[in-house]
Amino acid sequence: MKIDLTDTTASKINKAMVRGRRAIGTPAVGMVLTLVIVTDEENAYDALRAANDASREHPSRTLVVIKRVSRSPRDRTKSRLDAEVRVGADAGTGETVVLRLYGEVSDHAQSVVLPLLLPDAPVVVWWSVDAPRDPANDPLGALGQRRVTDSYAAEKPVHELRSRAESYEPGDTDLAWARITPWRSMLAAALDQISCEVVSVEVAGEESNPSVELLAMWLADRLHVHVRRAVSAGPGLTQVRLETTGGPITLHRSDGAMATLALPGQPDRAVALKRRETSELLAEELRRLDPDDTYASALRFGVDRLGGIPSATQRAESSARGPESLPVRQKAPDPDTAPSAAPARTSESAPTASPAGDSDTGRPTPAQMPPVKKADSP
C-alpha cells in the first residue's frame with residue numbers, strides 16, 4: 001500500500017502510517033530499529049531495494065532522505081516536504097517513508113527525521129553515496145547509534161579511507177569492511193590449522209578497491225608484519241599470499257565466486273567466496289550495533305603504511321617517460337625463492353614517507369619500511 005503526501009508535515013506522515021497499518025490489518029508496530037538512508041534520486045531505487053531485502057532479517061522503519069536540488073534561486077527559498085508512505089508488501093517486512101526535501105528544509109533534514117523515529121529503538125544511518133567527511137558530527141549522523149558509509153562509492157576510495165581514519169568515532173563502519181568478512185574468516189581459520197610464524201603478506205586486488213586496502217591493513221595490524229599491496233585485474237579481491245616459516249598459505253579467487261585455499265602439506269581445496277550483494281552487507285552491519293573495535297584498529301593502522309608494487313599500467317607509463325622517471329624501489333622478491341625472514345631495519349634508517357596518493361607508486365617496498373608496530377589508539 002502506498003500513500004502519497006505533497007507539501008506535508010511530520011505529523012501528517014505519522015498519521016498516514018497509522019492509517020496504512022490499520023488498512024492492511026497490522027496496527028501493531030513490530031520493527032526493531034529505524035534505518036535512515038541518505039541518498040540522491042539517482043541511487044534511491046537501489047538503496048531502497050537493498051534495505052527492503054535486509055528488512056527480512058531486520059524488520060525496520062526505513063526513512064529515505066532525498067535532498068532535491070532546486071533549479072532557480074526563487075525555488076531555493078521555497079521549502080517543501082513531499083512524502084511517500086509504503087506499508088505492507090511495498091515495504092518489505094517493515095514500513096518505508098520516502099522523504100523528498102526542497103528548498104531551505106534540505107538544510108534541516110534532522111528536524112524532519114526526528115519525529116519519525118521509532119521510540120526506544122536504535123537508529124542506524126546509512127549514506128549510500130556522498131557520505132560526510134565526519135559522519136558522527138553530521139546532523140543526521142548524530143541521531144544514530146550506528147553510522148554506515150561505503151568508501152567504494154567515493155570518487156577517490158583511498159582518500160576516503162584516510163578521512164574515515166581521521167574522523168572515526170565508535171559506531172562508524174563501512175560496507176567495504178563488511179565485504180571482506182568472508183576473507184577474514186577464511187584466513188583466520190587457515191592460520192588455526194597450522195603451527196607457523198607469518199613472515200610477510202601480499203594482498204592483490206583491483207587498484208581502487210578500498211576493501212583490498214582494508215584487508216591489507218587488518219593483516220598488518222593483527223600479524224605485525226609488512227604487507228604488500230599488489231594490483232590485479234580483479235574482480236575485487238583476487239589473492240592473499242602469506243609467507244610463513246612452514247611454507248606459503250594462498251587464498252586465490254579469480255572469478256568472484258569460488259576460491260582455492262592452499263596450505264603447506266595439504267591438498268588444495270575449493271571454498272565458496274562469492275561477492276555479496278549490498279543487501280547482504282547491510283544485513284550484516286545491522287546484526288551488531290556496538291562499536292567495531294577490530295575495524296577501528298585496522299582503519300587507524302593507515303593506508304600509507306602498506307608496502308606497494310606498481311601496477312602494469314604504472315610501469316608502462318614510467319618506461320615511456322624514461323628511466324629517470326622510474327620510482328626508486330627495490331625489486332620485490334620472488335615468493336618461491338625469498339628467504340624466510342627479511343633483515344631487520346631500524347626506524348632511523350627508514351626513508352621518509354612519500355606523498356600520499358590513490359596509486360601504489362609512492363609506497364615503499366617492504367625492504368624500505370621500518371619495523372611494523374601496532375597503531376596507537378587516540
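Me: Which residue in β12 is the bridge partner of V240?

Reply: This is a predicted model, in which local features need pLDDT of at least 70, side-chain atom pairs count only at pLDDT 80 or more, and totals for chains, interfaces and linings use all residues. Residues are numbered from 1 along each chain as its sequence is written, and side-chain values use heavy atoms, with hydrogens and water left out. Strand β11 (residues 237–244) runs antiparallel to β12 and is joined to it by 4 bridges, where strands are DSSP E runs of at least two residues and helices H or I runs of at least four, numbered from the N terminus, and pairing takes at least two bridges. Within β12, the partner of V240 is L251.

Me: Which residue in β13 stands opposite T250?

Reply: Strand β13 (residues 258–262) pairs with β12 through 4 bridges in the antiparallel sense. The two strands form a hairpin with 4 residues between them, and G256 in that turn has a positive phi of about 75 degrees. Opposite T250 stands A262.

Me: How many of the 5 residues of strand β12 are buried?

Reply: β12 (residues 249–253) is largely enclosed by the rest of the structure.

Me: At roughly what angle do the axes of helix α7 and helix α8 cross?

Reply: W183, R184, L187 and L191 of α7 meet L215, W218, L219 and L223 of α8, contact being heavy atoms within 4.5 Å. The axes, lines fitted to C-alpha atoms over the stretch in contact, with angles from 0 to 180 degrees between N-to-C directions, come within 11 Å and cross at roughly 35 degrees.

Definitions and conventions: Buried < 20%, exposed > 50% of the residue type's maximum accessible area, 1.4 Å probe, protein only.
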